[in-house]
Amino acid sequence: MAATTSYQPKSRLGKWFEARLPVMGLVHSSFIVYPTPRNLNYWWTFGAILSFMLVVQIITGVVLAMHYIPDAATAFNSVEHIMRDVNYGWMLRYLHANGASIFFLAAYIHILRGLYYGSYKDPREILWILGVIIFLLMMATAFMGYVLPWGQMSFWAATVITSLFSAIPLVGESITTWLWGGFAVEGPTLNRFYSLHYLLPFMIAGVVVLHIWALHVVGQNNPTGIEIKSKQDTVPFTPQATIKDSFAVVCILILFAWLVFFLPNYLGHPDNYIAADPLKTPAHIVPEWYFLPFYAILRAIPSKLGGVVAMFGSIAILIFVPWLDTSKVRSAVYRPIFRQFFWIFVLTGIGLGYLGSQPPEGGFVIAARILTAYYFAHFLIVMPLVGLLERPKPMPSSITESVLAKGKSGDGSPAETGA
Amino acid sequence: MSNATRIAKDPAMKKYFATLTAIAGLIALVLAAAPARAAGGDTPHYPIEKPALESWSFAGFFGRFDSAQLQRGFQVYREVCAGCHGLELIAFRNLTEKGGPNFSEDEVRALAAEYDITDGPDQSGEMFERSGVLSDYFPSPFPNDQAAAAGLGAVPPDLSVITKARGVSRGIQWTLLDFFTQYQEGGADYMHALLTGYSEPPEDIEVSDGNYYNPYFIAGPSLAMPEPLFDELVTYEDGSPETIDQYSRDVSAFLMWTAEPHLVERKRIGFQVVIFLFVFASLLYFSKKRVWASVPH
């Protein structure tokens with residue numbers, strides 16, 4: 001990053017400071033003059049959206065933590081206290097709860113964008129793996145956060161998920177007891193989940209710094225998947241990317257506001273407004289919507305251990321994507337066959353999400369098994385084989401050429417490269 | 001030659017497209033067939049009947065509570081429900097809230113004074129009774145759940161957040177549509193349907209002793225609460241109809257307020273926020289166009 005810095009402090013104070021800690025130069029080279037491909041489309045704004053949402057979650061979360069009590073007897077009522085008596089507490093809580101949903105929505109789009117345009121390929125493997133780690137940390141954070149209101153779904157989600165560890169042979173029971181801090185989900189479990197829920201977002205922030213660092217070392221991918229070859233291929237981050245990202249963030253904020261102010265409980269489960277009761281199991285235990293595909297995979301496998309392995313495997317498999325994809329071409333724009341399979345994969349994910357929300361019986365189980373098998377087949381069979389068998393479309397020689405060609409004729413997939 | 005014709009003429013491509021269509025078709029078939037198979041599953045699904053959609057003053061983009069309705073609803077709660085159900089998250093002072101029931105402070109002071117509140121310990125270490133003040137919370141009818149269960153055969157749930165704690169799934173297609181229509185009144189609809197839904201059980205459904213058949217009950221064919229409302233049970237002073245339908249409508253609206261007391265403020269601020277964001281977004285959009293005008297992209 002330092003190599004591209006052209007930052008010249010103007011004031012005496014600025015020069016004095018820069019000589020001692022070149023942080024302004026770092027910001028300047030990373031977010032002002034940083035060369036970004038000129039052909040990025042709006043799918044590339046989700047990194048900025050995610051950064052913004054992380055900040056929203058941390059700020060609302062820190063204030064909520066000032067009023068919340070992580071105690072099994074009072075947690076539920078302390079959330080209601082926030083909703084009723086804390087100034088704008090209802091807004092903070094609804095922002096935080098729905099913020100998690102927007103965060104995951106943006107993360108899924110961000111991940112799918114990477115899968116579509118081959119952003120995981122050489123030399124961006126580490127960048128991609130750091131992203132998978134952030135995703136895992138997000139899931140842990142969201143899960144533990146969902147437990148904190150200590151409603152029925154909080155309690156039973158915690159019970160279901162922590163019990164999964166008991167499927168591990170030999171040491172499973174001990175691990176589960178250790179996680180619970182007792183012999184069932186109870187006060188100590190809530191207390192430690194609160195502690196970790198406060199810690200993990202800062203770990204996410206740390207890995208995000210690494211993620212952006214890795215991004216700035218290897219440079220951004222772009223819709224053509226062709227590396228930057230000349231200065232002509234790029235525009236400076238500010239103002240071009242900054243203004244575009246800002247616009248995208250505000251568009252997402254409209255969706256966010258729609259949920260927070262008019263549909264605050266749309267994505268939640270009514271049972272979570274019933275205080276946790278260890279003696280009463282809800283008729284259907286379902287996680288938040290963003291976990292539903294993985295929940296469907298968990299329940300699709302008839303054995304408990306098998307289900308746990310499949311569920312964690314369905315996320316862990318992402319780490320190996322850079323090596324499972326055998327194609328020399330990055331972007332699906334030039335991969336006619338892979339592009340079709342990509343959309344089938346998206347449909348599979350949505351289908352699994354729907355099945356995760358339904359009771360595990362009859363046709364739903366059979367459907368979940370078929371889609372789970374296809375989910376893994378996409379990575380283990382489709383990705384390696386299509387890469388070898390497919391004949392890619394002719395590619396432009398540079399980003400600039402693709403941009404200028406698009407301006408002249410209608411050919412060259414304007415839908416994918418358009419901005 | 002366009003891409004489409006090139007692909008159409010390639011025999012390998014044809015074969016591939018056939019496979020592709022088969023996979024997509026299979027996924028669609030699997031998803032379409034799943035609910036049909038599941039309908040024959042072992043677990044019975046409740047409620048037997050789905051609640052009807054009612055019209056509420058607090059629904060939608062400009063939703064507001066109707067203070068007169070909330071006052072009537074509170075009267076129904078106090079004269080009928082409060083015998084068994086608590087309202088422990090609500091303080092007397094809340095009843096004066098503007099945009100809520102909007103009772104006058106004097107009315108609520110007088111009301112609170114009618115309740116005996118256990119306070120203490122005093123300086124000699126004894127608990128004592130005193131009359132309620134604005135800052136007191138509604139005392140629950142039973143000292144604890146065990147006492148309630150012993151007296152009634154079941155624990156009556158606290159009603160403070162009940163309208164947010166009940167919701168009947170409307171199926172995937174309606175759920176998706178609800179995002180655009182801002183439907184958030186499932187709890188009130190459920191409450192109204194339940195309170196007006198008691199009927200004679202059909203012959204094939206067995207109702208256990210001490211339970212009452214209600215096809216709208218969310219957790220089974222019958223519940224331990226007997227039909228609570230009857231025509232002319234509560235005397236309204238504003239001339240509103242004294243019917244089961246009106247009572248249940250009013251008390252459901254009141255319980256929506258207890259569950260979401262800041263609803264009116266939320267929608268008012270939300271309206272301002274959405275307007276602001278649309279203006280801000282359009283300014284950014286035109287700035288973005290201007291910044292990018294000289295760069296083909």
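**Exercise 1. The second largest pocket**

Find which element gives the most residues to the lining of the second largest pocket.

*Solution.* 
Step 1. Start with the contributor. α10(A) leads, with eight lining residues. Helices are DSSP runs of H or I with at least four residues, strands are E runs of at least two, and both are numbered from the N terminus.

Step 2. Note what you are looking at. This is a predicted model: local features need pLDDT of at least 70, side-chain atom pairs need 80 or more, and totals for chains, interfaces and linings use all residues; side-chain values use heavy atoms, without hydrogens or water. Residues count from 1 along each chain as its sequence is written, while chains are lettered from A and ligands numbered from 1 in the order written.

Step 3. From chain A, β1 (35–37), α3 (46–65), α5 (89–116), α6 (125–147), α9 (187–218) and α10 (237–262) each give at least two residues. Chain B joins in with its own α10 (263–292), which also gives at least two.

Step 4. Give the volume. The second largest pocket holds about 1,100 Å³. On a 1 Å grid over the protein atoms alone, a pocket is an open set of points with protein on both sides within 12 Å along at least five of seven lines; a cavity is a set where a 1.4 Å probe fits but cannot get out; lining residues have an atom within 4 Å of a point. Points are joined across faces, edges and corners, and volume is the space filled by probe spheres set on them.

Step 5. Find the centre. The lining has 50 residues, and those nearest the centre are Gly47(A), Ala48(A), His110(A), Arg113(A) and His211(A).

Step 6. Sort the lining by class. It splits into 30 nonpolar, 16 polar and four charged residues. Here Ala, Val, Leu, Ile, Met, Phe, Trp, Tyr, Cys and Pro are nonpolar, Asp, Glu, Lys and Arg are charged, and the others, Gly among them, are polar.

**Exercise 2. The cavities**

How many cavities of 30 Å³ or more does a search of the whole structure find? Describe each one.

*Solution.* 
Step 1. Count. The search returns two.

Step 2. Take the largest cavity. Its volume is about 60 Å³. Its lining is Ala296(A), Arg299(A), Ala300(A), Leu355(A), Gly356(A), Pro360(A), Phe364(A), Val365(A) and Ala368(A).

Step 3. In chain A, α11 (292–300), α14 (336–357) and α15 (362–389) each supply at least two residues. By class, seven are nonpolar, one is polar and one is charged.

Step 4. Take the second largest cavity. Chain A lines it with Glu80(A), Met83(A), Arg84(A) and Trp90(A), and chain B with Lys164(B), Ala259(B), Glu260(B), Pro261(B) and His262(B).

Step 5. Helix α4 (75–84) of chain A gives the largest share, three residues. The classes are four nonpolar, one polar and four charged.

**Exercise 3. Where the chains meet**

Which residues form the salt bridge between chain B and chain A?

*Solution.* 
Step 1. The contact involves 64 residues of chain B and 65 of chain A (heavy atoms within 4.5 Å). The two chains bury about 5,700 Å², with 71% of it on carbon and sulfur atoms. That is accessible area (1.4 Å probe) lost on being put together, summed over both parts.

Step 2. Count salt bridges. All chains together hold 18. One pair crosses between chains: Asp85(A) sits in the loop between α4 and α5 of chain A, and Arg93(B) in the loop between α3 and α4 (105–113) of chain B. A salt bridge needs a Lys or Arg side-chain nitrogen within 4 Å of an Asp or Glu carboxyl oxygen.

Step 3. Read the distance. The closest N and O atoms of Asp85(A) and Arg93(B) are 3.6 Å apart.

Step 4. α1 (3–9), α2 (11–39), α6 (162–165), α7 (172–181), α9 (244–259) and α10 of chain B each give two or more residues. α10(B) gives the most, 18. The side divides into 38 nonpolar, 13 polar and 13 charged residues.

**Exercise 4. Backbone details**

Where do the prolines Pro123(A) and Pro47(B) lie?

*Solution.* 
Step 1. Chain A. Pro123(A) is in the loop between α5 and α6. A cis peptide bond joins it to Asp122(A), with omega about 10 degrees.

Step 2. Chain B. Pro47(B) is in the loop between α2 and α3. Its cis bond is to Tyr46(B), with omega about 0 degrees.

Step 3. Trp150(A), a residue other than glycine, has phi near 55 degrees. Trp150(A) is in the loop between α6 and α7 (152–163) of chain A.
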